[in-house]
Amino acid sequence: TLTREREAAVEKMEALGANSDSQTQRTLLRYMVQDDNTLLRPLAASRLGEIGDAALIDELISLTTSSEDVEIRILAVQVLGEIGHEDTVDALCNALHDDPDSEVRVRAALALGKTGNKLAIGSLSQAMQRDPDVKVRQHAIEALGIIGDEALIEALVKIMETDSNKETRTFAAEAL
């Protein structure tokens, strides 16, 4: 049954073809938020990210705060990171700091790294130092390494030398 469902989901994505028009994007967004087909959600989100059009930014941003479904918030954050538009940075920073789910915060950190936008450095630095979840801190470090601001070298060296978590120290070394 799972294989048939996956095949049906893939067929729906293939039926949309390489279109990137607004109707296709709206259809993809509708598939992404459907709660009756969890296989279709990530495929639709991935396709929206590939299209990378800023047309749906406001709706995606709204999903990061209004959806009660953690998976939808995660997918919305990921798509915003793929789009990478400057207008997404504030929403991703808000998700990084305000979302109660640590996996959403992890994905927000990674999405901020993908944007490469230096406006995210302050929020990522704060998460790197203060988030209660070690995975969020580690991925904030990773994102900062991707953005690559030399002003962070001292903070990363300090984490590498003093953090009690070996994996976190490794993230800091890789970021450097």
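Which exposed residues does the face of α11 turned away from its buried side carry? Point 2 takes this up.

1. Basis. This is a predicted model, in which local features need pLDDT of at least 70 and side-chain atom pairs count only at pLDDT 80 or more, while totals for chains, interfaces and linings use all residues. Residues are numbered from 1 along each chain as its sequence is written, and side-chain values use heavy atoms, with hydrogens and water left out.

2. Helix α11. Helices here are DSSP runs (H or I, at least four residues), numbered from the N terminus. The face of α11 turned away from its buried side carries Lys166 and Glu174, both exposed. Buried means under 20% relative accessible area, exposed over 50%, and partly exposed in between, with a 1.4 Å probe and protein chains only. The helix runs over residues 166-175, and its buried residues include Thr168, Phe171, Ala172 and Ala175. These four lie on the same side of α11 because they cover an arc of only 95° around the axis; the arc is that of the directions from the helix axis to the C-beta atoms. An α-helix has 3.6 residues a turn, so residues three or four places apart point the same way.

3. Surroundings of α11. The buried residues of this helix pack against α9 (134-147) and α10 (153-162).

4. His139. This residue is found in helix α9 and is buried, with a relative accessible area of 16%. Leaving aside neighbours within four places in sequence, His139 is in contact with Val106, Ala109, Leu110 and Phe171; contact means heavy atoms within 4.5 Å. Phe171 is one of the buried residues of α11.

5. Nonpolar core. The largest nonpolar core has 52 residues, of which Met32, Leu60, Leu96, Leu112, Leu124 and Ile141 touch the most other members. Helix α5 (residues 70-83) gives the largest share of this core, 8 residues. Such a core is a set of buried Ala, Val, Leu, Ile, Met, Phe, Trp, Tyr and Cys residues joined through side-chain atoms within 4.5 Å. Neighbours within four places in sequence aside, Leu60 is in contact with Leu29, Met32, Ala76, Val79, Leu80 and Ile83.

6. Largest pocket. The space in the largest pocket is about 220 Å³. Its lining has 14 residues, with Gln78, Val79, Glu82, Arg107 and Lys114 nearest the centre. Helices α3 (40-51), α5 and α7 each supply at least two lining residues, and the largest share, 5 residues, comes from α5. On a 1 Å grid over the protein atoms alone, a pocket is an open set of points where a 1.4 Å probe fits, with protein on both sides within 12 Å along at least five of seven lines; lining residues have an atom within 4 Å of a point. Grid points are joined across faces, edges and corners, and the volume is the space filled by probe spheres set on the points.

7. Buried loop residues. Asn117, in the loop between α7 (102-115) and α8 (121-130), counts as buried at 15% relative accessibility. Leaving aside neighbours within four places in sequence, Asn117 is in contact with Glu86, Val89, Leu112 and Ile147. Thr88 is placed in the loop between α5 and α6 (89-98) and is buried, at a relative accessible area of 0%.

8. Partly exposed loop residues. Ala54 sits in the loop between α3 and α4 (57-66) and is partly exposed, with a relative accessible area of 33%. Not counting residues up to four places away in sequence, Ala54 touches Ile83 and His85. Asp21, in the loop between α1 (2-16) and α2 (22-33), is partly exposed at 38% relative accessibility. A polar atom of the Asp21 side chain lies 2.7 Å from the backbone nitrogen of Thr24.

How values were computed
Polar contact = N/O pair within 3.5 Å; in protein donor to acceptor, adjacent residues only side chain to side chain.
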